[in-house]
Amino acid sequence: MVVPTGSIEQHGPHLPFDTDSFLCTRVVEAAAARASESGPVLLTPTVCFGASEHHMAFAGTVTLEPETFADTVAEICASLVEHGFRRLLVVNGHGGNTALLAATVQRLGFEAPVLAVAVDYYSFARDVVAEVRESPPGGIGHACEFETSLMLHLRPESVRRERIVRELRPQRFAAESYDLFQVGAVRAHWKTHELSRSGVMGAPDLATEEKGRLLFAACVEGLAGLIEELREQPPPREE
(Lines give C-alpha, C1' and ligand atoms only; values in the text may rest on other atoms or scores of the structure.)
Protein backbone atom coordinates (compact mmCIF):
# COMPACT_ATOMS: atom_id res chain seq x y z
CA MET A 1 0.00 0.00 0.00
CA VAL A 2 1.28 3.46 -0.93
CA VAL A 3 0.45 6.55 1.16
CA PRO A 4 1.28 9.89 -0.54
CA THR A 5 1.86 12.98 1.61
CA GLY A 6 2.30 16.64 0.76
CA SER A 7 1.32 20.10 1.97
CA ILE A 8 -0.89 23.10 1.31
CA GLU A 9 1.41 26.10 1.54
CA GLN A 10 2.65 29.16 -0.27
CA HIS A 11 4.89 28.60 -3.27
CA GLY A 12 5.86 32.14 -4.10
CA PRO A 13 3.74 34.40 -6.30
CA HIS A 14 3.84 32.05 -9.31
CA LEU A 15 2.88 28.55 -8.11
CA PRO A 16 -0.34 27.26 -6.48
CA PHE A 17 -0.71 26.30 -2.84
CA ASP A 18 -1.23 22.60 -3.66
CA THR A 19 2.08 22.24 -5.53
CA ASP A 20 3.63 19.70 -3.13
CA SER A 21 0.53 17.55 -2.85
CA PHE A 22 -0.21 17.71 -6.58
CA LEU A 23 3.31 16.77 -7.65
CA CYS A 24 3.57 13.91 -5.17
CA THR A 25 0.18 12.57 -6.25
CA ARG A 26 1.05 12.64 -9.94
CA VAL A 27 4.39 10.90 -9.39
CA VAL A 28 2.81 8.24 -7.18
CA GLU A 29 -0.02 7.57 -9.62
CA ALA A 30 2.32 7.22 -12.58
CA ALA A 31 4.77 5.02 -10.66
CA ALA A 32 1.96 2.79 -9.37
CA ALA A 33 0.59 2.40 -12.90
CA ARG A 34 4.00 1.29 -14.11
CA ALA A 35 4.62 -1.08 -11.21
CA SER A 36 1.12 -2.57 -11.51
CA GLU A 37 2.20 -4.31 -14.71
CA SER A 38 3.68 -7.01 -12.48
CA GLY A 39 1.07 -6.96 -9.71
CA PRO A 40 -1.54 -4.77 -8.02
CA VAL A 41 -0.52 -1.54 -6.32
CA LEU A 42 -3.00 0.16 -4.00
CA LEU A 43 -2.95 3.84 -3.06
CA THR A 44 -4.60 5.84 -0.31
CA PRO A 45 -5.78 9.39 -1.01
CA THR A 46 -3.00 11.92 -0.54
CA VAL A 47 -2.51 13.35 2.95
CA CYS A 48 -2.57 16.88 1.59
CA PHE A 49 -1.81 18.83 4.80
CA GLY A 50 1.68 18.72 6.25
CA ALA A 51 4.03 20.36 8.72
CA SER A 52 4.36 23.85 7.25
CA GLU A 53 4.83 26.12 10.26
CA HIS A 54 7.90 27.72 8.64
CA HIS A 55 5.66 29.13 5.86
CA MET A 56 2.91 30.52 8.08
CA ALA A 57 3.99 34.14 7.63
CA PHE A 58 2.62 33.82 4.08
CA ALA A 59 -1.18 33.93 3.84
CA GLY A 60 -2.91 30.81 2.53
CA THR A 61 -0.56 28.32 4.14
CA VAL A 62 -2.26 25.60 6.19
CA THR A 63 -0.19 23.67 8.72
CA LEU A 64 -0.48 20.81 11.15
CA GLU A 65 1.54 20.58 14.33
CA PRO A 66 4.46 18.17 13.78
CA GLU A 67 2.97 15.71 16.26
CA THR A 68 -0.43 15.93 14.58
CA PHE A 69 1.00 15.20 11.15
CA ALA A 70 3.13 12.30 12.39
CA ASP A 71 0.22 10.84 14.37
CA THR A 72 -2.12 11.18 11.38
CA VAL A 73 0.19 9.22 9.10
CA ALA A 74 0.89 6.67 11.85
CA GLU A 75 -2.83 6.11 12.45
CA ILE A 76 -3.52 5.75 8.72
CA CYS A 77 -0.80 3.15 8.52
CA ALA A 78 -2.02 1.40 11.67
CA SER A 79 -5.48 1.13 10.10
CA LEU A 80 -3.96 -0.48 7.02
CA VAL A 81 -2.01 -2.92 9.17
CA GLU A 82 -5.22 -3.82 11.00
CA HIS A 83 -6.69 -4.85 7.66
CA GLY A 84 -3.77 -7.07 6.75
CA PHE A 85 -1.34 -4.85 4.85
CA ARG A 86 2.24 -5.70 5.75
CA ARG A 87 4.22 -3.58 3.27
CA LEU A 88 3.64 0.17 3.46
CA LEU A 89 5.35 2.88 1.44
CA VAL A 90 4.90 6.51 2.50
CA VAL A 91 5.87 8.81 -0.38
CA ASN A 92 6.49 12.42 0.56
CA GLY A 93 6.45 15.63 -1.45
CA HIS A 94 7.23 18.26 1.20
CA GLY A 95 10.57 18.86 2.87
CA GLY A 96 8.99 19.82 6.19
CA ASN A 97 7.57 16.30 6.49
CA THR A 98 10.79 14.38 5.84
CA ALA A 99 12.23 13.99 9.33
CA LEU A 100 8.79 13.34 10.83
CA LEU A 101 8.09 10.52 8.39
CA ALA A 102 11.47 8.90 9.00
CA ALA A 103 10.65 8.74 12.70
CA THR A 104 7.09 7.57 11.98
CA VAL A 105 8.06 4.53 9.91
CA GLN A 106 10.69 3.60 12.47
CA ARG A 107 8.04 3.74 15.18
CA LEU A 108 5.62 1.67 13.08
CA GLY A 109 8.18 -1.06 12.63
CA PHE A 110 8.49 -1.46 16.38
CA GLU A 111 4.76 -1.36 17.08
CA ALA A 112 3.35 -3.63 14.37
CA PRO A 113 4.31 -6.53 12.09
CA VAL A 114 4.90 -4.27 9.09
CA LEU A 115 7.68 -3.27 6.73
CA ALA A 116 7.23 0.50 6.55
CA VAL A 117 9.32 2.68 4.23
CA ALA A 118 9.37 6.46 3.72
CA VAL A 119 10.88 8.30 0.76
CA ASP A 120 10.85 11.79 -0.74
CA TYR A 121 9.79 11.32 -4.36
CA TYR A 122 12.21 13.99 -5.56
CA SER A 123 15.21 12.04 -4.25
CA PHE A 124 14.96 9.82 -7.35
CA ALA A 125 15.75 12.79 -9.59
CA ARG A 126 19.20 13.46 -8.15
CA ASP A 127 21.18 12.27 -11.17
CA VAL A 128 18.97 14.08 -13.67
CA VAL A 129 19.08 17.25 -11.57
CA ALA A 130 22.88 17.14 -11.74
CA GLU A 131 22.65 16.98 -15.54
CA VAL A 132 19.98 19.58 -16.29
CA ARG A 133 20.12 22.19 -13.53
CA GLU A 134 21.45 25.61 -14.46
CA SER A 135 21.00 27.25 -11.07
CA PRO A 136 23.85 27.74 -8.61
CA PRO A 137 23.85 26.17 -5.13
CA GLY A 138 20.64 27.23 -3.41
CA GLY A 139 18.79 27.40 -6.72
CA ILE A 140 16.63 24.38 -5.89
CA GLY A 141 14.96 25.00 -2.56
CA HIS A 142 11.29 25.98 -2.68
CA ALA A 143 9.10 27.12 -5.61
CA CYS A 144 12.37 26.77 -7.47
CA GLU A 145 13.88 25.54 -10.74
CA PHE A 146 12.88 21.96 -9.87
CA GLU A 147 9.27 22.43 -8.73
CA THR A 148 8.50 25.05 -11.35
CA SER A 149 9.85 22.82 -14.13
CA LEU A 150 7.63 19.95 -12.95
CA MET A 151 4.59 22.21 -12.84
CA LEU A 152 5.35 23.56 -16.33
CA HIS A 153 5.36 19.97 -17.55
CA LEU A 154 2.36 18.64 -15.63
CA ARG A 155 0.02 21.63 -15.16
CA PRO A 156 1.39 24.63 -17.06
CA GLU A 157 -1.85 26.59 -16.81
CA SER A 158 -1.31 26.92 -13.04
CA VAL A 159 2.08 28.64 -13.40
CA ARG A 160 1.89 32.44 -13.44
CA ARG A 161 5.04 32.99 -15.47
CA GLU A 162 4.80 36.77 -15.30
CA ARG A 163 5.08 36.56 -11.48
CA ILE A 164 8.25 34.43 -11.35
CA VAL A 165 11.03 35.91 -9.21
CA ARG A 166 14.43 34.61 -8.17
CA GLU A 167 15.63 34.69 -4.57
CA LEU A 168 18.93 33.12 -3.56
CA ARG A 169 19.97 33.36 0.06
CA PRO A 170 23.57 32.85 1.22
CA GLN A 171 23.81 30.22 3.93
CA ARG A 172 24.50 31.40 7.45
CA PHE A 173 27.01 28.64 8.19
CA ALA A 174 29.65 27.12 5.94
CA ALA A 175 28.12 23.64 6.20
CA GLU A 176 24.50 24.79 5.87
CA SER A 177 22.52 24.56 2.60
CA TYR A 178 18.99 25.44 1.54
CA ASP A 179 19.28 23.35 -1.64
CA LEU A 180 17.29 20.09 -1.83
CA PHE A 181 20.06 18.38 -3.78
CA GLN A 182 23.08 19.83 -2.02
CA VAL A 183 22.21 19.11 1.59
CA GLY A 184 24.64 20.47 4.15
CA ALA A 185 25.79 18.83 7.36
CA VAL A 186 24.38 21.62 9.56
CA ARG A 187 20.67 21.72 10.41
CA ALA A 188 19.61 25.06 11.83
CA HIS A 189 16.12 26.39 12.50
CA TRP A 190 14.75 28.90 10.01
CA LYS A 191 11.50 30.48 8.90
CA THR A 192 10.88 31.13 5.24
CA HIS A 193 10.07 34.82 5.66
CA GLU A 194 13.43 35.32 7.37
CA LEU A 195 15.17 34.11 4.21
CA SER A 196 12.86 35.23 1.42
CA ARG A 197 10.59 38.21 0.79
CA SER A 198 8.60 36.45 -1.95
CA GLY A 199 8.47 32.95 -0.45
CA VAL A 200 10.71 31.65 -3.23
CA MET A 201 13.98 29.98 -2.34
CA GLY A 202 15.81 29.36 -5.58
CA ALA A 203 15.82 30.20 -9.26
CA PRO A 204 12.44 29.41 -10.84
CA ASP A 205 13.34 31.69 -13.76
CA LEU A 206 15.51 28.81 -15.05
CA ALA A 207 12.65 26.33 -15.10
CA THR A 208 11.52 24.78 -18.40
CA GLU A 209 8.90 22.27 -19.48
CA GLU A 210 11.60 20.01 -20.94
CA LYS A 211 13.45 19.88 -17.63
CA GLY A 212 10.15 19.02 -15.97
CA ARG A 213 9.57 16.16 -18.39
CA LEU A 214 12.98 14.66 -17.66
CA LEU A 215 12.67 15.16 -13.91
CA PHE A 216 9.19 13.63 -13.79
CA ALA A 217 10.34 10.59 -15.75
CA ALA A 218 13.24 10.05 -13.34
CA CYS A 219 10.99 10.33 -10.28
CA VAL A 220 8.44 7.90 -11.72
CA GLU A 221 11.05 5.36 -12.77
CA GLY A 222 12.82 5.47 -9.42
CA LEU A 223 9.64 5.19 -7.39
CA ALA A 224 8.29 2.35 -9.53
CA GLY A 225 11.55 0.51 -8.91
CA LEU A 226 11.20 0.98 -5.17
CA ILE A 227 7.62 -0.34 -5.28
CA GLU A 228 8.89 -3.44 -7.07
CA GLU A 229 11.65 -3.90 -4.49
CA LEU A 230 9.17 -3.58 -1.65
CA ARG A 231 6.89 -6.12 -3.28
CA GLU A 232 9.75 -8.65 -3.30
CA GLN A 233 10.47 -8.28 0.42
CA PRO A 234 9.01 -10.97 2.69
CA PRO A 235 6.33 -9.53 4.98
CA PRO A 236 7.24 -9.42 8.68
CA ARG A 237 5.74 -12.10 10.88
CA GLU A 238 4.00 -11.40 14.13
CA GLU A 239 6.15 -12.16 17.15
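The model is a predicted one: local features need pLDDT of at least 70, side-chain atom pairs count only at pLDDT 80 or more, and totals for chains, interfaces and linings use all residues. Residues are numbered from 1 along each chain as its sequence is written, and side-chain values use heavy atoms, with hydrogens and water left out. Helices (H or I, at least four residues) and strands (E, at least two) are DSSP runs, numbered from the N terminus.

- Let's start with the layout: three strands form an open sheet in the order 1-2-3, with parallel pairing. Strand 1 and strand 3 sit at the edges with a single partner strand each, so one side of each has no neighbour in the sheet. On average, neighbouring strands here are turned by 15° against each other, direction ignored.
- Two strands count as paired if DSSP finds at least two bridges between them.
- How does the chain get from strand 2 to strand 3? The chain goes through helix 3, making a right-handed β-α-β crossover. Right-handed means that, with the strands pointing away from the viewer, the path from the first strand over the helix to the second runs clockwise.

**What is covered**

- Buried means under 20% relative accessible area, exposed means over 50%, and partly exposed is in between (1.4 Å probe, protein chains only).
- In a regular strand the side chains alternate between the two faces of the sheet. Strand 1 (residues 2-5) is covered on both faces: Val2 and Pro4 are buried on one side, and Val3 and Thr5 are buried on the other.
- Strand 2 is largely enclosed by the rest of the structure, because five of its six residues are buried.

- For the angles, axes are lines fitted to C-alpha atoms, for helices over the stretch in contact, and angles run from 0 to 180 degrees between N-to-C directions. Contact means heavy atoms within 4.5 Å.
- Helix 1 (residues 19-35) packs on the sheet and touches strand 1 and strand 2; its direction makes about 155° with that of strand 1.
- Helix 3 also packs on the sheet, touching strand 1, strand 2 and strand 3, and its direction makes about 170° with that of strand 3.

**A pair of crossing helices**

- Two packed helices are described by the angle between their axes and the distance between the axes. The axes of helix 5 (residues 145-154) and helix 7 (residues 209-232) come within 7 Å and cross at roughly 95°.
- Helix 5 and helix 7 are therefore roughly perpendicular to each other (65 to 115 degrees; under 35 counts as roughly parallel, over 145 as roughly antiparallel and the rest as oblique).
- Residues making this contact include Phe146 and Leu150 of helix 5, along with Leu215 and Phe216 of helix 7.

**Residues worth a look**

- Where is His94? His94 is in the loop between strand 2 (87-92) and helix 3 (98-111). His94 counts as buried because its relative accessibility is 3%.
- The side chains of His94 and Ser52 make a polar contact (3.5 Å). That term means a pair of N or O atoms within 3.5 Å; within protein, one must be able to donate a hydrogen and the other to accept it, and residues adjacent in sequence count only if both atoms are side-chain atoms.
- Leaving aside neighbours within four places in sequence, the contacts of His94 include Gly6, Asp20 and Tyr122.
- Ala74 lies in helix 2 (residues 66-82) and is buried, with a relative accessible area of 5%. Beyond neighbours within four places in sequence, Ala74 is in contact with Thr104, Arg107 and Leu108.
- Most residues other than glycine have a negative phi, and most peptide bonds are trans. Ala143 has a positive phi of about 55° although it is not a glycine. Ala143 is placed in the loop between strand 4 (140-142) and helix 5, and is buried at 0% relative accessible area.
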